[in-house]
Amino acid sequence: MEDSRTIETATMKMIEKAKKDNVETAWDRAEKMKPQCGFGETGVCCRICTMGPCRIDLVGDGPKRGVCGADADTIVARNLIRMIAGGAAAHSDHGRDISHTLLMAAEGSDYEVKEPEKLIAVAKVFGVETEGKDIKEIAKETAIKALEDFGRYEGLTLYPYTANEKRKKIWEKNDVWPRSIDREIVQIMHQTHMGVDADYVNLIQQGVRASIGDGWGGSMIATELSDVLFGLPKPIETEANLGVLEKNMVNIVAHGHEPTLSDMIVQASQDNELLERAKAVGAEGINVVGMCCTGNEIVMRHGTRMAGNFLQQEAAIVTGAVDAMIVDVQCIMPSVTQVASCYHTKVISTSPKAKIPGAIHIQFDEKHAYEIAKKIILEGVENFKNRIPEKVHIPEEKSQAIVGFSVESIIKGLDKVVIASAQPTGTVKPLVDCIVSGVLRGAAGVVGCNNHKVQHNYGHVELIKDLIKHDVIVVVTGCTAYACAEAGLMKPEAKELCGPGLKTVCELVGIPPVLHMGSCVDCSRILILLNEVAKYLNLDISDLPAAGAAPEWMSEKAVSIGTYFVTSGVYTVLGVCPPVLGSKNVTKLLTEDVEGIYGGKFAVEPDPHKAAQLMIDHIEAKRKALGI
Ligand code: CUV
Ligand code: SF4
């Protein structure tokens, strides 16, 4: 089977079924959208005030400035950093919600502190005194300190202080240390308001500040406190792809982002009352499966199987076997309710921030988390009997995967590399030894979404196969993780696709060559790992033989992520071009000049094989510079 839309056969089958069932998918709508607007695509369309919309003519002798006089540089830079604001806001609001949940856990709720040791480590970052205090007290003070980091009115955000000394100096020197997580996002909105900042360099600098507030602030807090509340991910086996839906069970798809809801759904799905009800309606049990980042959160901690990534959300419903799709925030296509209307599927929205016409809204409330989770699942259970048998087709595809690689579990796992040390070190030493000796050439982080502009999963899978063949160990988050799991790159047998060095490491440690580090906010885990290695070697992140990529990205969050990686010193290759080509100056700043300032830069390369080569060349150049 071949299909220009996806490399993944279960999805192909569902696209075909959708056609038969008269259901429209994102790919159909993308066709209808062609040709897509060139002004928007190059970033030169401005709608910031009603004197516009204005657009810059890049090729002809049409307008070179908007009505207010803004030129292409100003318009492109403003649009780009507004994307950063959107992305950083999404992640940081997520971080804030988790911080609130910790506060509730401290004050008494259905949540509890699962990792007291990690809580104490986080408390230290915030300067919370832990000696002689009970864990609830520490949780409360830490939660309040975390919440303060979002809106502090003096000083600087605290979490970026965890970065290595060289990196901190770079941020200080370039005046991009975020003052508070929220403030930098608000300042983007102010600075890009009509008639404020017209200097593209100054605009991009503000974008950088906000993105650091995301990566080293909001997202990192989200990750750290999620571990505290829901448990530290440890390697665990699972399965991935649409084949994890079960014909004889109630299928509940948890789709969206925040673990507060999905973790409770996983717990509540084992409730006896619900299980009995499921039996009563003729089901063998309740099958909760994950989709997009909330799926990453629960698979990392419970092994909950992974149904599919961003471009599989409609396909999942097209199976006709999803009894409820539960959504919270981010990356939920409004089309899900339209697709669902052709089947029996109930879409249940749960966040006051995200309601979708056609969905049932059952508002989640952390205070009554378990009861509400039960109520939501019950909707799915009762809906089981409404399946339309002739419309049910679950593709059989599913692959084995090992997931759950937090920084802590990677360090613990690599301690098994006996070539480095017979004694467990509890540090990144074994990883460093593997890299310095050349057994591993380097490390790469591959992250991000799907986008109809790239054949679904092709960008992720092809790029990563080239990297592991070259003995580059790969860490992934977000939708990339699903692509890898579905392609079998997260099972031990994937070692056969590796170069000899990485293969040996996989055998010794018993890990796959591609390590699932979590959801999009967990890109902060990648920062932490890089930072630990840099600190250990007394270097900066930009000195390391490491690179990043987002082969199929689409969301504003990815723009923020890319920006904080680059300004943390990581060379980052994008498979889809951001809307910046309308300004030669902004393009040059991001792909060339920025390297002299932050040590990382962006490149754009749609061909995943060429992109992998760019990353490998970069890694080899860094090795040479280090003399290893
Ligand atoms: Ni937050 S941002 S499509 S689910 S990775 Fe997946 Fe990840 Fe992009 Fe969204
Ligand atoms: Fe046009 Fe300037 Fe208004 Fe943008 S801010 S719409 S360029 S007049």
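A nonpolar core is a set of buried Ala, Val, Leu, Ile, Met, Phe, Trp, Tyr and Cys residues joined through side-chain atoms within 4.5 Å, where buried means under 20% relative accessible area (1.4 Å probe, protein chains only). The views come from a predicted model, in which local features need pLDDT of at least 70 and side-chain atom pairs pLDDT 80 or more, while totals for chains, interfaces and linings use all residues. Residues are numbered from 1 along each chain, ligands from 1 in the order in which they are written, and side-chain values use heavy atoms without hydrogens or water.

**View 1. The largest nonpolar core has 170 residues.** Look for I464 and L467, which have the most contacts inside this core. Helix α4 (residues 72-107; a DSSP run of H or I, at least four residues) gives the largest share, 15 residues.

**View 2. L467 and its partners.** Leaving aside residues up to four places away in sequence, L467 touches A444, V446, V472, V474, A612, M615 and I616 (heavy atoms within 4.5 Å).

**View 3. A second, separate core has 35 residues.** Among its members you will find I15, M291, V339 and Y343.

**View 4. The shell around ligand 1 has 13 residues (a heavy atom within 4 Å).** Those that come nearest are H257, C293, C331, C479 and C520. Helices α12 (292-302) and α19 (478-486) each give two or more residues to this shell.

Definitions and conventions. Buried means under 20% relative accessible area, exposed over 50%, partly exposed in between (1.4 Å probe, protein chains only).
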